[in-house]
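Here is a short briefing on one protein chain.

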Amino acid sequence: MSLDKPKPKNGDASALRVAVVAAQYNENLSDRLLASVLERLRDAGIRSDNLVVERVPGSHEVPAGLSLLSDGDAFDCLVGLGVVIKGDTSHHKLVGESASFGLQSLAQAHGAPAINGIVVVDDPQQAESRVGSQIDRGAEFADAAITMGLLRNKWKAKTQ
């Protein structure tokens with residue numbers, strides 16, 4: 001696992017509008033991931049009225065949930081969250097890849113960055129370590145959302 005994460009960019013994030021969709025599957029882990037993302041976004045100054053949070057059944061549904069939100073509103077960044085743990089089959093890879101492609105397609109179609117915050121792991125211990133016991137992926141996903149939202153606004157302002 002890589003611990004060489006990028007440093008978040010500084011900037012005024014208070015006006016950013018962020019949509020977060022989190023899977024309910026592996027709910028305890030997903031809840032902790034979501035809590036970490038929201039805490040970091042609020043610590044960066046993003047107001048609660050500029051944050052929209054919805055839950056969907058599983059990680060596979062995350063891109064569709066974000067698409068529904070972004071169709072009716074203009075967000076500076078979209079964040080998809082979930083925890084997918086390997087079982088007896090390769091289904092976890094299919095879900096992870098499908099969600100990843102869906103988030104990329106969504107970002108390209110809607111012109112807003114979509115952060116892939118879906119953690120795909122081999123076992124519950126890896127999942128546990130990535131939602132805060134060793135690594136706070138939620139904070140990293142929030143930092144990426146802030147950086148990308150600020151970048152979007154920077155270039156959006158230059159083209160208007």
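Accessible areas come from the Shrake-Rupley method with a 1.4 Å probe. On that basis, the accessible surface of the protein is about 8,500 Å², and carbon and sulfur atoms hold 51% of it. The model is predicted.

**Fold and dimensions**
- The protein has 5 helices and 4 strands.
- Starting at the N terminus, the order of elements is β-α-β-α-β-α-β-α-α.
- The radius of gyration is 15 Å, which agrees with the value near 15 Å for a compact globule of 160 residues.
- The C-alpha trace spans about 50 × 30 × 25 Å along its principal axes.
- Among contacts with a separation of 6 or more, 82% join residues 24 or more positions apart.

**Burial and charge**
- Of the 160 residues, 44% are buried.
- The protein carries 17 positive and 20 negative charges, and their mean positions lie 7 Å apart.

**Nonpolar cores**
- The largest nonpolar core contains 27 residues. Val 18, Leu 41, Ile 46 and Leu 81 have the most contacts inside it.
- Two or more residues of this core come from each of β1 (18-23), α1 (27-43), β3 (77-85), β4 (114-121) and α5 (137-158).
- The largest share, 6 residues, is from α1.
- A second, separate core has 18 residues, including Ala 19, Leu 103, Ala 112 and Ile 118.

**Contacts of Leu 81**
- Leaving out residues up to four places away in sequence, Leu 81 touches Val 20, Val 21, Ala 22, Ala 23, Leu 33, Leu 34, Val 37, Val 62, Gly 117, Ile 118 and Phe 141.

Note on methods. Residues numbered from 1 in each chain as written. Predicted model: local features only at pLDDT ≥ 70, side-chain atom pairs only at ≥ 80, totals over all residues. Heavy atoms only, no water. Rg over C-alpha atoms; globule rule 2.2 N^0.38 Å. Buried < 20%, exposed > 50% of the residue type's maximum accessible area, 1.4 Å probe, protein only. Contact = heavy atoms within 4.5 Å. Lys, Arg positive; Asp, Glu negative; His and termini not counted. Charge placed at Lys NZ, Arg CZ, Asp CG, Glu CD. Core = buried A, V, L, I, M, F, W, Y, C linked by side-chain atoms within 4.5 Å.
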